[in-house]
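These are my notebook entries on a single chain. I record what I looked up, entry by entry.

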Amino acid sequence: MKAALRYLAGIAGPSGFGSNSTAEQVTQDCPSFVPSDLTALITGGTSGIGAETARVLAKRGVRVVIGARDMNKAREMKENIQKESPYANVIMLQIDLSSFGSVQRFCSQFLALQLPLNILIFNGTRAYAQSKLANILHAKEIARQLKERNARVSINAVHPGIVKTGIIRAHKGLLTDSLFFIASKLLKSTSQGASTACYVALSPKIEGISGKYFTDCNESNCSSLANDEWVAQKLWNNTHALLHKLLCQATI
């Protein structure tokens, strides 16, 4: 109940930001400490939260590489970003995350650019609750493995909140439209939804923090299942086995 009231009231947490904070607000002071030649790779960056994340990072001086399935939308997105930020460095590469071959081509194209990869942001998922749980479990397991290797890489899971995007309007009808109208008064804007990803990507307060879960621009607790190390390792092993199988099929 306390967390719900904090969310509805937009009360700021320890970071100084809360559910009402926008992506531009949480990165307002970032240009003073964002290193030059910083590169962010963003999937699903042509609409919704991904597009807003790309726009704000580009505005803050980050080179943005956007992976997109629809290149017409991607080119339009790039034009819109550069209208607002003429000096923004935006690169569009085609990728269809449902095709392993497309993912391989995308990786080859990105490597050919010979750019550093400083920030990697995955957007766009299906089966929402299950995919979010999988995101958290993967983040925690990869963070554990990276720590064992003393790698200077951080990985965290973020929750945008319930946002007014096309994802939640998949079904139409009188009942769903009425419920959406009522619920929309409590939903986040796209910019508010993108704030946590932008905050975790650029805030110096997050440096060195890994394997954590963030909501409303603050570190948050997650369920006991999401904290289960055995489940995280099992999911990772199953994912690794599936990818190995796909790689073998691709080389036949």
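**Entry 1. A lysine and its partner**

I began with Lys59, which is partly exposed because its relative accessible area is 33%; buried means under 20% relative accessible area, exposed over 50%, and partly exposed in between (1.4 Å probe, protein chains only). I note that this is a predicted model, in which local features need pLDDT of at least 70 and side-chain atom pairs count only at pLDDT 80 or more, while totals for chains, interfaces and linings use all residues. Residues are numbered from 1 along each chain as its sequence is written, and side-chain values use heavy atoms, with hydrogens and water left out.

Which residue forms a salt bridge with Lys59? I found Glu84, with the closest N and O atoms 3.3 Å apart; a salt bridge is a side-chain nitrogen of Lys or Arg within 4 Å of a carboxyl oxygen of Asp or Glu. The pair links distant parts of the chain, since Glu84 sits in helix α4 and Lys59 in helix α3, 25 residues apart. Helices (H or I, at least four residues) and strands (E, at least two) are DSSP runs, numbered from the N terminus.

**Entry 2. The other salt bridges around Glu84**

I then followed Glu84, which counts as partly exposed at 36% relative accessibility. The side chains of Glu84 and Arg55 meet in a salt bridge, at 2.8 Å from N to O. Arg55 lies in helix α3 and Glu84 in helix α4, so this pair ties together parts that are 29 residues apart in sequence.

Is Arg55 buried or exposed? I list Arg55 as buried because its relative accessibility is 17%. Arg55 also forms a salt bridge with Glu52, where the closest N and O atoms are 2.8 Å apart. Glu52 is buried as well.

I searched the whole structure and found nine salt bridges. Salt bridges that share partners join Glu24, Glu52, Arg55, Lys59 and Glu84 into one network.

**Entry 3. Strands β2 and β3**

I next looked up how strand β2 (residues 63–68) is arranged against β3: the two pair in the parallel sense over five bridges. Two strands pair if DSSP finds at least two bridges between them. Ala68 stands opposite Gln94 in β3. The chain passes from β2 through helix α4 (residues 71–84) to β3, and this β-α-β crossover is right-handed. A crossover is right-handed if, with the strands pointing away from the viewer, the path from the first strand over the helix to the second runs clockwise.

How many of the five residues of strand β3 are buried? Four are, so strand β3 (residues 90–94) is largely enclosed by the rest of the structure.

**Entry 4. Residues with positive phi**

I noted Gln114, whose phi is near 55°, a positive value in a residue other than glycine. Gln114 is placed in the loop between α5 and β4, and I list Gln114 as exposed because its relative accessible area is 73%.

Cys217 also has a positive phi in a residue other than glycine, near 65°. The loop between β6 (213–215) and β7 (218–219) holds Cys217. At 1% relative accessibility, Cys217 counts as buried.

**Entry 5. The surface**

Which residues make the nonpolar surface patch of about 330 Å²? I recorded Leu117, Leu120 and Phe122. Patches are made of residues with over 30% relative accessible area and no salt bridge, like charges being joined within 9 Å and nonpolar side chains (Val, Leu, Ile, Met, Phe, Trp, Tyr) within 5 Å. Leu117 is found in the loop between α5 (100–112) and β4 (119–121) and counts as partly exposed at 44% relative accessibility.

I also looked up Trp230 in helix α9 (residues 229–251). At 57% relative accessibility, Trp230 counts as exposed. Trp230 and Leu137 are 93 residues apart in sequence, while their C-alpha atoms are 9.8 Å apart in space.

**Entry 6. Totals for the chain**

Of its 252 residues, 38% are buried. The accessible surface comes to about 15100 Å², of which 56% belongs to carbon and sulfur atoms; accessible areas come from the Shrake-Rupley method with a 1.4 Å probe, and for residues only the protein chains shown count as cover. Among contacts between residues at least 6 apart in sequence, 69% join residues at least 24 apart, where contact means heavy atoms within 4.5 Å.
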